[in-house]
Every structure is written in C-alpha cells, then in structure tokens.
Amino acid sequence: MLSGIQPTAGSFHLGNYLGAVRQWVALQETHDAFYMVVDLHAITVPQDPAELRANTRLAVAQLLAAGLDPERCTLFVQSHVPEHAQLGWVMNCLTGFGEASRMTQFKDKSAKQGADRATVGLFTYPVLQVADILLYQADQVPVGGDQRQHIELTRDLAERFNGRYGQTFTIPAPYILKETAKILDLQDPAVKMSKSASTPKGLINLLDDPKATAKKVKSAVTDTDTVIRYDEEKKPGVSNLLTILSTLSGSSVEDLERAYEGKGYGALKTDLAEAMVEFVTPFRARTQEYLDDPETLDSILAKGAEKARAVAAETLAQTYDRMGF
Ligand code: ADP
Ligand code: NA
C-alpha cells in the first residue's frame, strides 16, 4: 500500500484528513504501508526554499499526530529517495502526450495559474505519481475520489511496461472510501473542500484555533429546509455535516438521522462544532510536540528513507535491467 500527501503551507485540511490520512492510520495495522510527504510534487508550483523545508516537516509532524506509527508503516519524504525522480523519467518516456493532456487536474490547476505560467513539471506530475506508486509494487492506493484518474493512468502505464518489457510492476487499484471520498466546502457545498479553491470560511484547517473552527462549523451553509436527512443530491450541505460527524463520532449516519429527528440544524452544528474541537485540540498539541523535537523527527525520517530506498532501489534496478540500461 502506498500513498502520499503534499507539504502544503499551514496545515492539512479536514478533507485531507477524512479523505486520506484517516484511512492511512487504519491501514498501517493491516498492510505493509508506505506513506510519504511528496515534496517533489510541491515544486510543480513556485516554492520558497525555507517554506518548503518547514512545510515538509510540518506535514510529517501532522501525520505522526494523526496516528501514523513508524513502527507500523514506512513514513518518509519523497526527495530523500532519489528513485522517484529516476523512475519518473522512465514513466515520462512511456506516456503519450495526449494521454497526459487528458488529466483533468492539470487543466484545473493550470487554469488557476494562467496557462503561460504552468510548468512542464505540473503537466507531468501525474506521471511522477505513477512512479511513486509502482516503485513499491503497491496493489492499493488509499486516496480521495479526485485521484481516481491518476490511479487509472498508473494502471495503464504499468500494463504497458509489463507488456513491452516483461512482468515488472504490480497493477494497483484505488482504495477509496465512498463515504469520505469528497468532503465538501462548508460555505459552498457544490464543490470539494480544497486548499486552493475554498474560501477561508469554507475550509477547516486542522491546526487553526479550535474556537475559529467551531465558528466556521456553526456558520456552515445548509439549505432552507429544516429536516436533518442524508441526501447528497438535494441536501449536500447537511449531508456533508452528517458525514463529518459520523466519521468523527463513530455513529452511523442512520443513527444520527434518528437522533436529530425533530431537531433543527442548529443542534447538529453545535454537536459537530464540539466534536471538531475535541478532535483538533489534541491533534494540534501532538503536532507541536513533534515540531519541538527535531532530532526525533530527523531520526524517524532517516529510518523511513532507508526502508523505502531498499524497496525502491530493487524495483528501479529491475526496471533499468529490463529496459537495457
Ligand atoms: P488538495 O486537494 O487540497 O490540494 P492534496 O492534493 O494534497 O490536497 O490531497 C491529499 C489527499 O487528500 C489526496 O488523497 C486527496 O484525494 C485527499 N483530499 C483532498 N481534498 C479532499 C476532499 N475535499 N475530500 C476528500 N479527500 C480529499
Ligand atoms: Na503495517
């Protein structure tokens, strides 16, 4: 199992946590899991060196705070394992230009930057992601729903390589939990919560002041109806709040619907605000503890890189050999 997350400025948001990181924590118990902070992907858009370094460590601290345990999984930073860039080049040479052009995330992200500003790196970033996955012979990739197309590309390229050069790569499948595949923006439940697209009020950053977070939950956009019922189509805002509360509290959505029968949206929002505060308060404290202990963080990352490299180097050596290097 393999997955990665970008070292974004400030903090992970609730969508990252519920859509991806929460599953990572559960899956480390049952799988041989590789999790990484993808700093090479971060430079597809302009980055300040000091900020990139700080954000990468902050991402690692948050993953540890969320419950990743270096004894149960391999936790590392992508740039510490040079095989990612090396296999990335091989995969670039296997990808059709038209094929890469069909990746919708590039269309979205480059449109935001202005087409002239977008780099070739941003264009081929899904191909580097292919290399990330194939290096570890991952058969499952736990991600949010927005990554489905990239996993599809990974499968295509793995099959293409295996067909051309002989069986080399495991064909991976996405591992997407339907319930939390798309956490919505709290102010605009027509779109997913996202660092780049959401307004501050619609985005829950896990490291924000818990009081501010509670306030955002209480001012979440719902609808003009009053009934608390799960209906993605007709009641996306309320359904989103139910999903979040269900995941944080462990109660099923059906149980929550029953519990809130005859009650208004205010009651649901108050309880969700409380559950959020209960979750983020210790999360913030644990993240800070890891940041305050740089030696421990360095040692975790050094061991992680060593474990990851052992696997990645073997795959790359095989790949090079098959290709005639
Ligand atoms: P962002 O989409 O905010 O730029 P990333 O691309 O770094 O965040 O995503 C990291 C992980 O979080 C990916 O697995 C992605 O699918 C997941 N993810 C991001 N936003 C959401 C969301 N709103 N709902 C569910 N999962 C999400
Ligand atoms: Na494990």
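This briefing covers the ligands, the aromatic pairs and a few single residues of one structure. The model is predicted. A sodium ion (ligand 2) is coordinated by Gln 28, His 31 and Arg 72. Ligand 1 is surrounded by 19 residues. The count of aromatic pairs comes to 10.

**Sodium site (ligand 2)**

- Three residues coordinate the sodium ion: Gln 28, His 31 and Arg 72, each through its O atom.
- Along the sequence, the donors follow the spacing Q-x2-H-x40-R.
- Gln 28 and Arg 72 link distant parts of the chain, as they are 44 residues apart.
- Gln 28 sits in the loop between helix H1 (14-27) and strand S2 (34-37).
- Arg 72 sits in the loop between helix H3 (49-66) and strand S3 (74-77).
- Gln 28 has a relative accessible area of 4%, so this residue is buried.
- Arg 72 has 43% relative accessibility, so this residue counts as partly exposed.

**Surroundings of ligand 1**

- Of the 19 residues around ligand 1, the closest are His 13, Gly 144, Asp 146, Ile 183 and Met 193.
- Helix H1 gives the largest share of this shell, with 4 residues.
- The shell holds 6 nonpolar, 9 polar and 4 charged residues.

- The side chain of Asp 146 has an N or O atom 2.5 Å from an oxygen atom of ligand 1.
- Lys 192 places a polar side-chain atom 3.1 Å from an oxygen atom of ligand 1.
- Ile 183 uses its backbone: an N or O atom there lies 2.9 Å from a nitrogen atom of ligand 1.
- How much of ligand 1 does the protein bury? Taken alone, the ligand exposes 540 Å², and the protein buries 93% of that.

**Aromatic pairs**

- There are 10 aromatic pairs in the model.
- One of them joins Phe 106 and Phe 123 in an edge-to-face arrangement.
- The centres of these two rings are 5.0 Å apart, with 80 degrees between the planes.
- This pair links distant parts of the chain. Phe 106 belongs to helix H6 (residues 104-113), and Phe 123 to helix H7 (residues 120-134). The two residues are 17 residues apart.
- Phe 106 is buried because its relative accessible area, 18%, is under 20%.
- Phe 123 is also buried, with a relative accessible area of 13%.
- Phe 279 and Phe 283 form a stacked pair, because their planes meet at 25 degrees and planes under 30 degrees apart count as stacked. Their ring centres are 5.9 Å apart.
- Both residues lie in helix H12 (residues 265-291). They are 4 residues apart, so about one helical turn separates them.
- Phe 279 and Phe 283 are both buried.
- Ring pairs join Tyr 17 to Phe 279 and Phe 283 in a cluster.

**Ser 194**

- Ser 194 lies in the loop between strand S5 (173-175) and helix H9 (210-218).
- Is Ser 194 buried or exposed? Ser 194 counts as buried, at 10% relative accessibility.
- Its side chain reaches the backbone nitrogen of Ser 196 at 3.2 Å.

**Gln 137**

- Gln 137 is found in the loop between H7 and strand S4 (140-142).
- The phi angle of Gln 137 is near 55 degrees, which is a positive value in a residue other than glycine.
- Gln 137 is partly exposed, with a relative accessible area of 25%.

- Gly 121 is placed in helix H7. At 32% relative accessibility, Gly 121 counts as partly exposed.
- Gly 121 and Val 90 are 31 residues apart along the chain. Their C-alpha atoms are separated by 15 Å.
- Gln 62 is placed in helix H3. At 1% relative accessibility, Gln 62 counts as buried.
- Gln 62 and Lys 215 are 153 residues apart along the chain. Their C-alpha atoms are separated by 23 Å.

Definitions and conventions
Residues numbered from 1 in each chain as written. Chains lettered and ligands numbered in written order. Predicted model: local features only at pLDDT ≥ 70, side-chain atom pairs only at ≥ 80, totals over all residues. Heavy atoms only, no water. Donors = N, O, S within 2.8 Å, 3.2 Å for Na, K, Ca; no water. Buried < 20%, exposed > 50% of the residue type's maximum accessible area, 1.4 Å probe, protein only. Phe/Tyr/Trp six-rings, centres within 6.5 Å; stacked < 30°, edge-to-face > 60°. Near = heavy atom within 4 Å. Polar contact = N/O pair within 3.5 Å; in protein donor to acceptor, adjacent residues only side chain to side chain. Areas by Shrake-Rupley, 256 points an atom, 1.4 Å probe, with all protein chains shown as cover. Nonpolar A, V, L, I, M, F, W, Y, C, P; charged D, E, K, R; others polar.
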